Amino acid sequence: MVGDHRFAALGVRHVRLVVPWDAARTERAALDLYVKNATVFGADVHVAFEHARDDRCPGSPCTLPSVAEYGDAVAAFRARYPQVTTFTAWNEANHVTQPTRTAPAQAARYFAALRARCAGCTVVAGDVLAGQPGLGAWLDAFRAEAGPGPLLWGVHDYGDANRGGSDELDAFLGMVDGEVWITETGGIVRFATEDGRVTMPYDEGRAAQAVAYALDLADARAPRVTRAYLHSFTGGGRMDTGLVGTDGRTRPGYDALLAHLRAAGVPPSPPPWEVTNEPPPLAAMVDPAPAPDAVVAMPVPRGGALAL
């Protein structure tokens, strides 16, 4: 993504990457290239930690690391990538695919461990999927362990974006106080269940409408919502939300995003050699494979003029 000229054309300055909690030890090659390329293009990298790569929650294995193991892994990540200062302690922590689904207090302990090892960093505390059963109770248990103080909350809001509503986001805003980032949203081109049943047939036009709606909804909920991340740049998989298809061409969702950014006055990014005053490194032209999940975002300017 960060080596693609179409990404540079957007003018996006913030990207979000979902990686295993132990990625600094297990996925260095992909991370090295991604972080280097993002830095070349002047994009701030927001890293969200989640389950180990071989976990299969709610099946087996589905492992919660100890707080000490998590803390050591975070320290290793910080040592290797000191330029990364924005984090989510645990991605979509209330979802059935995460071992934190039934352990909100442990998720809060990970948050505390990350903050303790990353002084001055921006850390999203409870990062959850909206509209899930028991969300209020999960958040209450998280808060009880996290303790007092203002928290930055993260929410994934695919439901509203793809149904054209606001119930799930508004319910979440009513459950928490303070600043909220929509850490994932987007237009679903195609969705299939794990057993292969297609519940949303392939439709690029429908997805583009969802992208436009998601941006407008984030605008409308400022100043509570101060940033939103759109998932994802490249398509594929059983949940395909890509702005660029598996065939390499841009989709209507990309055009919807670009139109929104230009209307808000966001300029394209300069080429990487203009950022660095050096010839573009070869790495900036290479797309790592396999790549971790990535989403792109822009902050919502004060007053809600833009959300991505």
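Mentor: An open sheet of 3 strands runs in the order β9-β8-β11 with antiparallel pairing, where strands are DSSP runs of E with at least two residues, helices are runs of H or I with at least four, and both are numbered from the N terminus. Two strands pair if DSSP finds at least two bridges between them. Bear in mind that this is a predicted model, in which local features need pLDDT of at least 70 and side-chain atom pairs count only at pLDDT 80 or more, while totals for chains, interfaces and linings use all residues. Residues are numbered from 1 along each chain as its sequence is written, and side-chain values use heavy atoms, with hydrogens and water left out.

Trainee: Switching topic, how many cavities of 30 Å³ or more does a search of the whole structure find?
Mentor: The search finds 1, and the largest cavity has a volume of about 50 Å³. A cavity here is a set of points, on a 1 Å grid over the protein atoms alone, where a 1.4 Å probe fits but cannot get out, and lining residues have an atom within 4 Å of a point. Grid points are joined across faces, edges and corners, and the volume is the space filled by probe spheres set on the points.

Trainee: Which helix gives the most to the lining?
Mentor: That is α9, residues 204-220, with 3 residues. The lining of the largest cavity includes Glu204, Ala207, Val211, Leu243 and Arg251.

Trainee: What about Pro267, where is its place?
Mentor: Pro267 is in the loop between α10 (252-263) and α11 (272-276). Its relative accessibility is 49%, so Pro267 counts as partly exposed, a class lying between buried (under 20% relative accessible area) and exposed (over 50%), with a 1.4 Å probe and protein chains only.

Trainee: Which residues is Pro267 in contact with, leaving aside neighbours within four places in sequence?
Mentor: Those are Leu10, Gly11 and Arg262, where contact means heavy atoms within 4.5 Å. The C-alpha atoms of Pro267 and Val12 are separated by 8.8 Å, although the two residues are 255 apart along the chain.

Trainee: And what share of the chain is buried?
Mentor: Buried residues make up 54% of its 308 residues.

Terms used. On a 1 Å grid over the protein atoms alone, a cavity is a set of points where a 1.4 Å probe fits but cannot get out, and a pocket is an open set with protein on both sides within 12 Å along at least five of seven lines; lining residues have an atom within 4 Å of a point.
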